[in-house]
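Student: I would like to learn how to read a structure of this kind feature by feature, with the general idea before each case. Could we look at it together?

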Amino acid sequence: MIRAQELALTYPTGTKAILPCDFEIKSGELVFLIGPSGSGKTSLLKLFMGSELLTEGSLEVLGQSMTGSQRNIQKMRQWIGPIFQDFRLIPNKSSLENVMLGLRFLPHIQQDIKAISEEALIRVGLSHKIKSHVDTLSWGESQRVAIARAMVREPKLILADEPTGNLDKENAVHILKLLMDLRDSDTTVILTTHATHLIEDVKNAVFIHMNQGQMFLERR
Amino acid sequence: MFSNGLTIVSNGLIFFLLALVISSFIITEHMVQILESEAEVSVYSKMEIQEDAAWIEDLTRINGVRDVRLVSEEEAYERMAAILGEEAQVLQYFQENPFSAFIELSIDLQNMEMVLDTLEIMPEISSIRDNRDVLGKLRDIVKGITFMSVLILIAVGMTTLVVLSHTIRQSIYHYREQITTLTLLGAPMRFIAIPFYILGIWMSFVSGIIATLGAFFVIQSSYRFMMGPIPFIPLPPMTETIQVVAMYILSLSVIFGILGCMLGMVSVKKQ
């Protein structure tokens with residue numbers, strides 16, 4: 001699923017965001033990237049998405065080398081469900097239109113995209129906000145639309161950056177449960193979080209502890 | 001939105017300048033063509049001209065001579081009277097017809113020099129009158145206008161490309177977050193690029209329409225102005241001139257629109 005060898009990332013400013021490391025994440029695993037702010041969690045997610053290019057070593061995501069052609073990386077992204085810390089919903093569009101947009105570029109989804117988008121919104125508890133403009137939604141609701149947009153793509157890999165950030169405990173637990181349930185569909189879920197108290201009891205998962213670009217991998 | 005409006009208006013004004021140059025080119029080119037097709041040389045002889053004289057027969061064999069015609073004294077008088085119009089009464093003061101008969105040669109303008117050289121060595125001919133100077137000056141005017149047209153076309157092209165590519169870059173910058181989101185959702189580049197191309201081409205085309213409308217009114221009033229006091233100027237049909245100008249301006253606006261978008265996209269990609 002994901003294989004890194006001597007992977008490192010140094011920004012043009014000279015900041016070493018990720019120090020050389022080796023690791024492997026298997027299909028269907030639930031992975032938590034934990035660590036303080038600036039420890040390199042978001043940078044690592046960006047490397048997985050291909051929105052940041054590694055400066056050393058090698059990285060393979062879903063069988064695609066992240067130093068390969070942009071066209072191939074773009075094709076590989078069809079199998080990723082990204083969830084952004086700031087949601088990145090398209091303004092002036094409804095929740096449903098935003099979720100449908102997540103399906104628009106996927107050749108492997110042939111079903112009625114409107115119906116499955118509505119179903120995804122119902123699944124994240126937004127049946128009453130299907131036609132609402134995203135500009136009118138609360139933080140928690142916007143986060144759930146972003147999760148629905150990622151889930152509906154039937155991805156092999158979900159990359160979620162702080163999906164519980166800025167949410168109250170009840171909403172955070174609900175969203176974590178939604179993401180953890182995706183393991184049943186053999187989807188690999190990688191998420192960054194500060195909320196370590198919410199994942200203390202999580203079993204059968206991988207925890208990547210990050211600090212100042214260094215990482216330590218733990219399987220529980 | 002406001003800056004897009006300004007871009008449309010400024011490009012419209014630039015295209016309008018180009019429309020004026022193109023219409024001037026069409027009109028002068030037409031004038032020269034008409035005058036060239038009527039290129040004539042008048043040949044005078046010391047002797048009385050007989051239509052069946054052998055030397056007149058020889059004139060028809062000169063390379064570049066299309067037609068040879070004898071203009072009698074009476075016809076020369078009538079022609080001058082027609083040219084003078086109301087002023088023709090001045091001719092009545094002559095006791096005798098002051099005009100002599102001459103030979104009128106229709107020639108190919110390209111062979112004018114050769115024809116004149118041949119005529120000059122013919123002993124029967126005393127003088128030759130041609131409109132070489134007028135045609136030469138007109139040709140120079142056309143050359144000048146063509147040169148100006150090319151310069152203005154280059155200037156219009158460069159200005160439009162710069163203005164449009166800058167507008168496209170601004171738009172891309174404005175929507176950069178949404179573009180990143182769509183890219184990470186797997187959207188192909190063409191899906192992201194097409195709206196910007198549509199915007200650029202649409203803006204350029206609207207500028208072209210504004211310029212064409214402006215040119216329409218200017219051409220119309222110029223024709224009205226020229227055909228009143230100077231009716232003998234051989235102008236091309238006005239509808240045809242407007243159609244050609246519109247076709248050029250609208251096509252160029254679309255071409256420059258596409259090129260401007262491409263330039264904007266390339267500069268964004270490089271960054």
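Tutor: Let us begin with contacts: two residues are in contact if their C-beta atoms, placed from the backbone, lie within 7 Å. In chain A, 67% of the contacts between residues at least 6 apart in sequence join residues at least 24 apart, while in chain B residues 24 or more positions apart account for 86% of the contacts with a separation of 6 or more. This is a predicted model, in which local features need pLDDT of at least 70 and side-chain atom pairs count only at pLDDT 80 or more, whereas totals for chains, interfaces and linings use all residues. Residues are numbered from 1 along each chain as its sequence is written, and chains are lettered from A, and ligands numbered from 1, in the order in which they are written.

Student: In what order do the six strands of the open sheet in chain A lie?

Tutor: Strands of a sheet pair through backbone hydrogen bonds, either parallel or antiparallel. Here two strands are taken to pair if DSSP finds at least two bridges between them. The open sheet of chain A has the order E6-E7-E8-E3-E9-E10, with mixed pairing. Strands E6 (80-83) and E10 (214-219) of chain A stand at the edges with a single partner strand each, so one side of each has no neighbour in the sheet. From one strand to the next the twist averages 15 degrees; for angles, axes are lines fitted to C-alpha atoms, for helices over the stretch in contact, and values run from 0 to 180 degrees between N-to-C directions. Strand E9 (residues 206-211) of chain A pairs with E10(A) in the antiparallel sense over six bridges, and A:Met210 stands opposite A:Met215 in E10(A). Helix H5 (residues 139-151) of chain A lies across E6 and strand E7 (157-161) of chain A, and runs at about 170 degrees to E6(A).

Student: Is the pairing in the four-stranded sheet of chain B parallel or antiparallel?

Tutor: The pairing is antiparallel, in an open sheet of order E2-E3-E1-E4 (chain B). Its edges are strand E2 (65-71) and strand E4 (125-130) of chain B, each with a single partner strand, so one side of each is left without a neighbour in the sheet. Neighbouring strands of this sheet are turned by 25 degrees against each other on average, direction ignored. Five bridges join strand E1 (residues 40-45) of chain B to E4(B), where B:Ser127 stands opposite B:Tyr44. Helix H4 (residues 112-120) of chain B lies across E1, E2, strand E3 (102-107) and E4 of chain B, at about 160 degrees to E4(B).

Student: Which residues have the most contacts inside the largest nonpolar core?

Tutor: In soluble globular proteins, nonpolar side chains tend to be buried together. A residue is buried if 20 or more other C-beta atoms lie within 10 Å of its own, exposed if 12 or fewer, and partly exposed in between, with C-beta atoms placed from the backbone. A nonpolar core is a set of buried Ala, Val, Leu, Ile, Met, Phe, Trp, Tyr and Cys residues joined through C-beta atoms within 7 Å. The largest has 58 residues, and those with the most contacts inside it are A:Phe48, A:Ala148 and A:Leu159; H5(A) gives the most to this core, with six residues. Apart from it lies another core, of 26 residues, including B:Val156 and B:Leu252. Of the 220 residues of chain A, 42% count as buried, and in chain B buried residues make up 23% of 271.

Student: Where is A:Arg88 found?

Tutor: Most residues other than glycine have a negative phi, and most peptide bonds are trans. A:Arg88, in the loop between E6 and helix H3 (95-101) of chain A, has a positive phi near 55 degrees and is buried, with 20 other C-beta atoms within 10 Å. A:Asn92, in the loop between E6 and H3 of chain A, has phi near 60 degrees but is exposed, with 8 other C-beta atoms within 10 Å.

Definitions and conventions: Helices (H or I, at least four residues) and strands (E, at least two) are DSSP runs, numbered from the N terminus.
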